[in-house]
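Subject: Structure for you to look at

Hello,

Here is the structure I said I would pass on. Please open it next to this email and follow along; my notes come after it.

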Amino acid sequence: MNASLETLDEDNAMERGLTNRHVQFIAIGGAIGTGLFLGSGKSIALDGPNIVLIYILVGGFMFLMMRAIGELMYRDPSQHTFINFIRMYLGNGAGKFALWTYWLVLILTGMTELSAVGQYCVTFFGTLGFDLQSWQWLIELLFLVALVSVNLIAVKLFGETEFWFSMIKIFLILALIVTSIIMVVAGYRYGATTLPGSDHVYPAGQASLSHIFDGFSLAPNGWTQLLMSFQMVFFSYTMIEFVGVTVSETKNPRKVLPKAINGIIMRVLVFYVGALLAIMAIVPWRNFMSDDGGNQFSSPFIMVFEFAGLHWAAAVVFFVVLTAAASSLNSLLYSAGRHLFQIGEESHSPVLGKLGVVSKTKVPARAIIVSGALVLLSPALSALPGVSGAFVLFSSAASAVFIFIYILTMVAHYRYRNSPQFMPGGFLMPAYRVLNPLTIAFFVFVYGTLFIGPDTRGPAVAGLVWLVVFGGYCLLHDRYSSRGLREALH
């Protein structure tokens, strides 16, 4: 078995072209999205210094989920996706619901990422004096074609692309932390500052670690804001499970996978917690609130560099945000292609079955192209007045549906630990009898917080409707199909 895992599985038909270096940085890239660069200011405004503890808490539960996924993938590294274990241990109905739902979520998320890429480009070049608003559709098209091409050529090229995308994000975070340390050690004083594209004037101040503890309390803006910060932090971690889709194309997966997953905790501490502490050491957290109490959405990274006198850094941050969005879209295309390939492999439909084949370069080319074509619908849907509102609702609901997939994954893992297929010498999740149910309870809690705010209540309801309607259809279809098969056999 180990020899076949080195290069190519006959039943997998995909090349194991991803190395330890690729997977390590893919895991890092999956943990760092645009939310850290753009949304962390809103998170700090909601909950003050306490947001660091929430990032650590949520990161801890996401790590436990990754340990569960890691144990499953370690048991059978030939699986194209961790979603397959839901079918194995919860039945075909739950598996069909999870596979189709996860693929649709990836497509909808890819649409929003593509729109974000176009908007970031327009904003970035707008700061340089170029008006590209009317060309946003072309920018999105070119980006998508480029990333689809990367995914079609070879899995090794995808791994290299994600490696360098992750390197760019890491460099900016480390530059922020180093800049903050230098400013604090030097007792750097800065004057009142207006950020690019904003009329809000931030007051003068001095870099100091005391900002982090100033006014610290568990819920400085009330318990409602505290609860809402959980969902915001949680969604900044989504796609961290992406490493669980790369295992079937990774060399030496049983050696590489534990290293990549165990490193998640350190990544959370350095990149999320380190960045937030660095930001708040320079900018007092209450300065993220405007005079009228509204949140300032300027990137905290830009704020720190502007206060340090590096006025050119705004363009660099916009470039890195653009890179982060492109990285996310690149990963979504990869994952969506593999999941549609899996759907094609399992389908009895002649049409869908054509998607379950690989190209000469050992990638699921047809599934990638179809997924990319659906993502390309984003500009068209956004432009239609009667459709754009529904598109926004469904895109938001897609994020909420991630939680259903995570819960099903944890239940499947619990079933696996009590099944004859359990591997005692595998990459075991610790104390699973306690931590597995606790993680499920936490995911349910996060979903419950979606009903608090008016902006997230609609997507939360839409997600439940999808669970009941499509989930019920999948379970009933599986039940009647199984009954029909049994009757035919008898």
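The chain has 20 helices and four strands; helices (H or I, at least four residues) and strands (E, at least two) are DSSP runs, numbered from the N terminus. This is a predicted model, in which local features need pLDDT of at least 70 and side-chain atom pairs count only at pLDDT 80 or more, while totals for chains, interfaces and linings use all residues. Residues are numbered from 1 along each chain as its sequence is written, and side-chain values use heavy atoms, with hydrogens and water left out.

The whole chain

Of the 490 residues in the chain, 53% are buried. Buried means under 20% relative accessible area, exposed over 50%, and partly exposed in between (1.4 Å probe, protein chains only). The accessible surface of the chain is about 20,200 Å², and 68% of that belongs to carbon and sulfur atoms. These areas come from the Shrake-Rupley method with a 1.4 Å probe; for residues, only the protein chains shown count as cover. Among contacts (heavy atoms within 4.5 Å) between residues at least 6 apart in sequence, 79% join residues at least 24 apart.

The core

A nonpolar core is a set of buried Ala, Val, Leu, Ile, Met, Phe, Trp, Tyr and Cys residues joined through side-chain atoms within 4.5 Å. The largest one here has 151 residues, and Phe301 and Phe443 touch the most other members. Helix α14 (residues 313-346) gives the most to this core, with 17 residues.

Leaving out residues up to four places away in sequence, Phe301 touches Leu36, Phe37, Leu172, Ile173, Leu176, Ala275, Ile279 and Val317.

Phe443 sits in helix α19 (residues 432-449). Its relative accessible area is 0%, so Phe443 is buried. Apart from neighbours within four places in sequence, its contacts are Met62, Met65, Phe234, Ile403, Tyr406, Ile407 and Met410. The C-alpha atoms of Phe443 and Val58 are separated by 9.7 Å, although the two residues are 385 residues apart along the chain.

Helix α2 (residues 20-31) has 12 residues and reaches 17 Å from its first C-alpha to its last, close to the 16 Å expected at 1.5 Å a residue. The expected span is 1.5 Å times one less than the number of residues. Because 10 of its 12 residues are buried, α2 is largely enclosed by the rest of the structure. The cover over its buried residues includes α8 (155-186), α10 (223-236), α11 (253-262) and α12 (264-282).

Helix α4 (residues 51-75) has 25 residues, which should span 36 Å, and its end C-alpha atoms are 36 Å apart, which agrees. It is mostly covered, with 20 of its 25 residues buried.

Two backbone angles to check

Met239 is not a glycine, yet has a positive phi of about 80°. It lies in the loop between α10 and α11. Its relative accessibility is 10%, so Met239 counts as buried.

Ala431 is not a glycine either, and its phi is positive at about 45°. Ala431 is in the loop between α18 (385-417) and α19. At 52% relative accessibility, Ala431 counts as exposed.

Regards
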